[in-house]
Amino acid sequence: MTDDAITLHPIGTIATPFQTLDACPRNGRQPDPPPQCRVRLLPEFAQGLRSLDGFGHLILLYWLHRVRAPKLLFTPPFDTEERGVFATRSPARPNPIGLSVVAFDGFDGPDTLLVRYLDCLDGTPLLDVKPYLPSTDAEPDARMGWLGPHRTR
Ligand code: SAM
């Protein structure tokens with residue numbers, strides 16, 4: 001692995017009802033109903049949330065901090081064939097960055113966001129918050145490769 005390491009600083013913490021890895025859904029759309037979660041920003045970043053109130057969905061990037069080691073090849077639990085990690089949404093990646101598109105239900109105070117459709121452990125470090133823009137981010141007809149036949153919400 002190259003040694004040009006990058007330093008990331010969490011901007012906050014994600015609070016979810018999922019206390020163990022086994023309790024986490026495979027993706028945020030599985031739980032029905034989806035639990036409301038809290039995204040708490042560190043006070044020094046809270047002013048960066050200004051004007052977020054008008055968006056209905058957000059993209060959250062977070063650090064999957066309990067990943068032990070990346071696996072470049074593995075057989076997903078619901079599959080029979082070995083897949084490359086970059087063809088999956090597995091957490092066991094060289095840079096374990098999690099990404100979720102979440103429903104934004106508003107603020108709970110100046111530095112806390114109420115969201116739904118998350119799949120991460122309680123206490124997961126938050127890396128970034130971005131507004132979800134259907135005009136540029138949505139591809140409802142995108143092909144889903146090997147995942148096509150397995151897709152469950
Ligand atoms: N939605 C994200 C994405 O697509 O990047 C994550 C998908 S990954 C399949 C979700 C799984 O990651 C959960 O079911 C759980 O097993 C694991 N996970 C959740 N939070 C984690 C954390 N903080 N550290 C390590 N693994 C985590």
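This is a predicted model: local features need pLDDT of at least 70, side-chain atom pairs count only at pLDDT 80 or more; totals for chains, interfaces and linings use all residues.

Visitor: Which residue in β8 does Leu60 stand opposite?

Guide: Numbering starts from 1 along each chain as its sequence is written, and side-chain values use heavy atoms, with hydrogens and water left out. Strands here are DSSP runs of E, at least two residues, numbered from the N terminus. β3 (residues 57-63) runs antiparallel to β8, joined by 5 bridges, and there Leu60 sits across from Val129.

Visitor: And how many bridges join β1 to β8?

Guide: Two strands count as paired if DSSP finds at least two bridges between them. Between β1 (residues 12-15) and β8 (residues 124-131), the bridge count is 3.

Visitor: How many residues are in the largest nonpolar core?

Guide: A nonpolar core is a set of buried Ala, Val, Leu, Ile, Met, Phe, Trp, Tyr and Cys residues joined through side-chain atoms within 4.5 Å; buried means under 20% relative accessible area, exposed over 50%, partly exposed in between, with a 1.4 Å probe and protein chains only. Leu60 and Val129 are among the members touching the most others, in a core whose residue count is 19.

Visitor: Which side chain does the side chain of Ser100 make a polar contact with?

Guide: A polar contact is a pair of N or O atoms within 3.5 Å; within protein, one must be able to donate a hydrogen and the other to accept it, and residues adjacent in sequence count only if both atoms are side-chain atoms. For Ser100 the distance is 2.7 Å, and the partner is the side chain of Tyr62.

Visitor: Now the ligand: which strand gives the most to the shell around it?

Guide: A nitrogen atom of the ligand is 2.9 Å from an N or O atom in the side chain of His65, and a ligand nitrogen is 3.0 Å from a polar backbone atom of Leu121. As for the shell, the strand that gives the most, with 4 residues, is β6.
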